[in-house]
Amino acid sequence: MKKNFKLFWLFSTYSIKSAFQQRLGVVLFTLGKLLRFVVFFIFVYQLLSKTRFLAGYNINQTIVFYLTYTMIDNLGQLLFREVYRFRPLIVSGDFSGILIKPYHPFMRILIGGIDVLDVILTLPYTILLVYFIQKAGGFTFLTAIIYIGLIINSLVLTMAFHILVLSLGILTTEVDHATLIYRDLSRMGSVPMDIYKEPLRTLLTFVIPIGIMMSIPVKGLFGILTWNVFLYSVAFCIIFLIGSLTIWKKALMRYQSWGG
């Protein structure tokens, strides 16, 4: 673990230096993400300021759903940004050079350096989330621990999905389309799953794990989550992670270096 942490720190340092070579791009990209967040935040606030409730949740609870989604999505991009840069390594054959390095390839192609732009945005998101959680109320110390544990569960699910994308990248040389589909589907979790009608609600919650990733942690926080759903969420995460690693190993056996 000490060796892997040093490698992660080294790759992150290189990633930060590379990002700040285009300082204007950093500023514009950060402003763009902030603008998108603020616009949707204002939309949710204005919507609920008139109706007061959305699928049984008040304005503060609904904002917690949105901020939790934003936090999980932001942390996923912060940690797994290298997946978005995987395709050039495959089509050029440079992935072969990574496979012969004396460390696991995931250290380079999965968590190979944090995205500094998402680091900048994490602090204000966290402050807002804590503020609205306190404002919403209705939680205890135990439910807060469950909430944190389910967020970790969501991040593991996010990691498993990105491993699956890496596997598809080896098999098909396509990465961008899979990540875009994931981003589009995950945006449906920015609001409570309860607003969707059946069978879409069940599909998004228990089959396509958007609800497990985005909504169930908040339900755990407010004490409206049943234990069978909690256990299902954890079991689904473990099974999905094992399945993604299995597909990765099979994809790696079929890898052929086409570049160079």
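Ile-151 is buried, because its relative accessible area is 14%; buried means under 20%, exposed over 50%, and partly exposed in between, with a 1.4 Å probe and protein chains only. The model is predicted, so local features need pLDDT of at least 70 and side-chain atom pairs pLDDT 80 or more, while totals for chains, interfaces and linings use all residues. Numbering runs from 1 along each chain as its sequence is written, and side-chain values use heavy atoms, without hydrogens or water.

Ile-151 sits in helix α8, residues 141–172. Helices are DSSP runs of H or I, at least four residues, numbered from the N terminus. Which residues does Ile-151 contact, leaving aside neighbours within four places in sequence? They are Ile-72 and Pro-217; contact means heavy atoms within 4.5 Å. Tyr-69 lies 82 residues away in sequence, yet 9.7 Å away in space, C-alpha to C-alpha.

Now turn to the cavity. On a 1 Å grid over the protein atoms alone, a cavity is a set of points where a 1.4 Å probe fits but cannot get out; lining residues have an atom within 4 Å of a point. There is one cavity of 30 Å³ or more.

Helices α3 (59–80), α8 and α9 (176–186) each supply at least two lining residues. The largest share, three residues, comes from α3.

How values were computed:
1 Å grid on protein atoms, 1.4 Å probe; cavity = no way out; pocket = protein on both sides within 12 Å on 5 of 7 lines; lining within 4 Å. Points joined across faces, edges and corners; volume = space filled by probe spheres on them.
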